[in-house]
Structure formats: structure tokens, C-alpha cells
Amino acid sequence: MTQIAEAELRTRMARTVREVRETNPLAPSITNTVTQNFVANAQLATGGSAAMVYLPDEAECVAGLGGAVYINLGTLLPVYADTVPACARACAATSKPWVLDPVGVGIGSLRTRLIQEVRQWPPAIVRGNASEIIAVAELWGLNAARVDTQGPRGVDAADSVEAARTAAVAIARFTGGAVAVSGPADLVTDGTVIVRAEGGSPLMCSVTGSGCSLGGVATVYACVADPFTAALTATTAYNLAGARAAARCEGPGSFAVAFLDELSRIIPEEAADAPLTFEAA
């Protein structure tokens, strides 16, 4: 990426944070019951508006109301067999961006079936850990260069972020959007450029919903920005808020509260000035 292109991307990141604060966009979610509260609070902290739904007709409705929609496959209910495809299909029909978090892919048959089904209505952003991203690429038949992987371990990653590089690029090229791979050092790509972002805190792994809420915040930013900018802005905001919260908390409980506080304090220039490393995909 040239210096001019990097400067333009950073300008878009700042504009994204600012526009969300000014417009309070609605970013509805179909998300798992374990993390609904934290996802909603994180969306509110960034300046967005949240709405949690789970019925098929509700999903079709919010696809028209929101600026972007978040679909998280954790804690699936039987009704999601209808809700998830209905929402993805409605988003495609209205050219509305949606974000996929394939939580727990590999657990049970319903997640596998849903991920395979929504392939025909590709998400604008896929956010997951390394093992989840690798699994999605495999299910979608996109991995041209296979690597030895451990596969998902429940909702945790058993593979490194670097191991998911090929899969992330392949998914981004297929969807025409962006992929965010979360880990000790995050990777975000649009299939052409790869950006690596460091920061955050190990305490984020001790709070339920850190990854899920990142997907929710990326959805808020996708209401006002292109997928790559939205995914990267969410990642950098999370890294900044996580590092700052860890510096003043006493443990996981106080970290969760401090994290939301710090997320609400992120200003446009801070997101744009975050340390990032750029490379060709």
C-alpha cells in the first residue's frame, strides 16, 4: 500500500468514528444469548444503536431498518434455521451489508448447514478467530492453499492468526468485503491488502463477549463505511480500549466495565493514528 493510500484509509477510519458519533446508526443483531448484553453495550459505547432479534420475520424487518446487520452463530436455537437465511437473504435483496461471526463452527450440524447456506448471500465482513476463519473458507470451498490446522476448539482458536492468512484473503476475495481475524496480533484484509494491528489485552480472553461484541461494533461502523474501513476501525478501537482498560482495572470484572468506558472515549484521531502494519495480500 502506498503512503497516499494508507493516509486515505486512516482518514476514512477517523471519519467513520466521527460519523457514528454524530448519526447514531441502528445496527440490529441476531446474536448469542450469552453475550447479548455486552454486544449491545459495546455498540452503544461507540455511538451506535442496538436491537436484538431472533424470529425470522423480525430478522427480515430489521434488515430493512438498520444500516447493517450482525449475525452471530453462538448458542443457536432451532428457529435460527429459518431466521439466519431469512436475514441474509433480506440483506442481499436490499443491498444491506451484514456481518458474520461464525462462533463455534464445527459444533453440531446446524452451524455447518447455515454457514454453507449463507454463502449465496455473502456477508460484507466475516469476523472470527483463526480456526473459525479457516473453517469457513473450507466450508465455502475457498482454500486454494491448505495448511495443517488444528480446527476450532469450541469457541476458542486452536490455530495462529498467521495460519488463517490464506483463508482470510480467500474469503475477502470471494465476498468482495473484508475479513477480521482476531488474536494476539489481529489481521484485517480486503483480499488485496493485509493490515496487522497489535494492542488490546490478554484480559479480553477472560471476559465473555469480547469477540462477539467486536463483530457488533464492526456492524455499527459498517452502517457508515465500506467493509474494510469498518472492520479495521473496529479492530483498532478495540485494541486501544482494551489496552487502556487493562492499565487501570483490577481483574476481569472491572476490566469489562473499564473497557466499555474506554470504548466510549475513543476519538476519531486516535483510531486513525493507531500503529498498523500494511502488506500486500
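Glu 262 counts as buried, with a relative accessibility of 8%. In this predicted model, buried is the word for a residue under 20% relative accessible area, so the value for Glu 262 falls in that class.

Glu 262 takes part in a salt bridge with Arg 248, and the closest N and O atoms of the two are 2.8 Å apart. This pair links distant parts of the chain: Glu 262 belongs to helix α10, Arg 248 belongs to helix α9 (residues 227-248), and 14 residues separate them. Arg 248 is partly exposed, at a relative accessible area of 42%.

A salt bridge also joins Glu 262 to the side chain of Arg 265, with 3.2 Å from N to O. Here both residues sit in helix α10, three residues apart, or about one turn of the helix. Arg 265 has a relative accessibility of 48%, so it counts as partly exposed.

Helix α10 covers residues 252-265 and also contains Gly 253. Is Gly 253 buried or exposed? Its relative accessibility is 55%, and therefore Gly 253 counts as exposed. Gly 253 and Leu 203 are 50 residues apart along the chain, and their C-alpha atoms are separated by 9.7 Å.

**Salt bridges elsewhere**

How many salt bridges does a search of the whole structure find? The search finds twelve. One of them is formed by the side chains of Glu 6 and Arg 10, at 3.1 Å from N to O. Both residues are in helix α1 (residues 3-23); because they are four residues apart there, about one helical turn separates them. Glu 6 counts as partly exposed at 24% relative accessibility, whereas Arg 10 counts as buried at 17%.

| Pair | N to O distance |
|---|---|
| Glu 262 and Arg 248 | 2.8 Å |
| Arg 265 and Glu 262 | 3.2 Å |
| Glu 6 and Arg 10 | 3.1 Å |

Salt bridges also form a network, which links Glu 162, Arg 165, Arg 196 and Glu 279.

**The sheet**

The model has an open sheet built from eight strands. Their order is β1-β2-β3-β4-β5-β6-β7-β8, and the pairing is mixed. Which strands stand at the edges? They are β1 (29-30) and β8 (276-280); each has a single partner strand, so one side of each is left without a neighbour in the sheet.

Strands of a sheet pair through backbone hydrogen bonds, and the pairing can be parallel or antiparallel. The pairing of β1 with strand β2 (residues 69-72) is in the parallel sense and runs over two bridges. Within this pair, Ser 29 stands opposite Tyr 70 in β2.

Helix α8 (residues 210-222) packs on the sheet and touches β2, β3 (98-101), β4 (125-129) and β5 (178-182). The direction of helix α8 makes about 160° with that of β2.

**A nonpolar patch on the surface**

Which residues form a nonpolar patch on the surface? The patch is made of Tyr 54, Leu 55 and Leu 77, which together have about 240 Å² of accessible area. Leu 77 is located in the loop between β2 and α4 (80-93). With a relative accessibility of 34%, Leu 77 counts as partly exposed.

Methods:
Residues numbered from 1 in each chain as written. Predicted model: local features only at pLDDT ≥ 70, side-chain atom pairs only at ≥ 80, totals over all residues. Heavy atoms only, no water. Pairing = 2+ DSSP bridges. Contact = heavy atoms within 4.5 Å. Axes fitted to C-alpha atoms, helices over the stretch in contact; angles between N-to-C directions. Patch = residues over 30% accessible without salt bridge, like charges linked within 9 Å, V, L, I, M, F, W, Y side chains within 5 Å. Areas by Shrake-Rupley, 256 points an atom, 1.4 Å probe, with all protein chains shown as cover. Salt bridge = Lys/Arg side-chain N within 4 Å of Asp/Glu carboxyl O. Buried < 20%, exposed > 50% of the residue type's maximum accessible area, 1.4 Å probe, protein only.
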